[in-house]
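The sequence and model are shown first.

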Amino acid sequence: MPGHVRRSASSGHEQPGGRGDLSAAEWERLRPFLPGSNGRCGRWRDHRQVIDGIPHRVRTGVQWRDLPERFGPWKTVYERHRLWSADRTGERLLQQVQAAADAAGEIDWDLSVDSTIVRAHQHAAGARNDPPPTPAAKGGGGPRTPERNAVAEPARPPGGGGAGGEVLGRSRGGFTTELRLGADGRCRPLSLIVTPGQRADRTQFQPALEKIRVPRSGPGRPRKKPDGVAAGKAYGNGPCRAYLRRRGIRHTIPEKTDSQAARRRKGSRGGRPPGFDKERYKKRDTVERADNRQKQHRAVTTR
């Protein structure tokens, strides 16, 4: 709430809360799952202050150095964000929240899948350049291409697409990244993967569904299988349908025009047309609305 006041856990001082900051109920829901020690020199700086700073930066799109002072040192917020992204602490927090929602019956397991393009700013590709060639390489006495710094630039994923750790690629829209989202019937993401912009939708359908992992509140394996899936024509090819049938997942995907023509040319050998529920397909806008919610954040709308 704008103008509300909260107390810092580290300093004990009261601080004015801003729009988008965690409410008391949200903080109490996350607090039990946060690490208590950084493993090096004692306890972390106030988690709540730092967590408020990360969404502020994502929502407004400001540079890390321009974070307001009420979030503490900008470098602390950035390093916590970087570390928790690398060790998947953020992903585990999301799974814990999803587990609580699933236990309360708040997740609609009728899933919709779609993708959305994110245009990359000219400063998005921040990977470090190759080191300058050694004198031996200049004179022809060594390898022509020096080895890349493995820390500066991670291994490039299969298929290329810009710097390996940046998942940037070139598509018809230019320098882009693509978000592959699986949303439940209440517009909340259950899976999200990020790929270079030129990757075909049909090749990322299976990874997007296999990303789903909602732990149980009690004993038992995490839930990974939705009740049903709805998707657009881009996913209406044979391999996607075969994958869903193999897992026993009912689906609503329109048949592509070229697939219809190929099936009709084969006559009786072409088989029956796949089932299609028009009423169920109308609800696929849930994933599009979930995409729009993601893009209300400036740091997501433009890389």
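## Aromatic pairs

Phe205 and Tyr235 are both buried, where buried means under 20% relative accessible area, exposed over 50% and partly exposed in between, with a 1.4 Å probe and protein chains only. The model is predicted: local features need pLDDT of at least 70 and side-chain atom pairs count only at pLDDT 80 or more, while totals for chains, interfaces and linings use all residues. Residues are numbered from 1 along each chain as its sequence is written, and side-chain values use heavy atoms, with hydrogens and water left out.

The structure holds 3 aromatic pairs; rings of Phe, Tyr and Trp (its six-membered ring) pair if their centres lie within 6.5 Å, and planes under 30 degrees apart count as stacked, over 60 as edge-to-face and the rest as tilted. One of them is the tilted pair of Phe205 and Tyr235, at 5.2 Å centre to centre with 40° between the planes. This pair links distant parts of the chain, 30 residues apart: Phe205 belongs to helix H6 (residues 201–210), and Tyr235 to the loop between strand E7 (228–231) and helix H7 (238–247). Helices (H or I, at least four residues) and strands (E, at least two) are DSSP runs, numbered from the N terminus.

Phe276 and Tyr281 also form a tilted pair, because their ring centres are 5.3 Å apart and their planes lie at 55°. Phe276 is partly exposed at 37% relative accessible area, and Tyr281 is partly exposed at 23%.

Strands E5 (residues 174–183) and E6 (residues 189–196) run antiparallel and are joined by 7 bridges; two strands pair if DSSP finds at least two bridges between them. Gly182 has Ser191 in E6 as its bridge partner. The two strands E5 and E6 form a hairpin with 5 residues between them, and Cys187 in the turn has a positive phi of about 70°.

## Helix H7

Cys240, Arg241, Tyr243 and Leu244 are buried in H7. Seen down the axis, the buried residues of H7 fall within an arc of 155°, so they line one face of the helix; the arc is that of the directions from the helix axis to the C-beta atoms. The face turned away from the buried side of H7 carries the exposed residues Pro239, Arg245 and Arg246.

H6, E7 and strand E8 (250–252) are among the elements that cover the buried residues of H7. Following H7 is Gly248, with a positive phi near 70°.

How values were computed:
Contact = heavy atoms within 4.5 Å.
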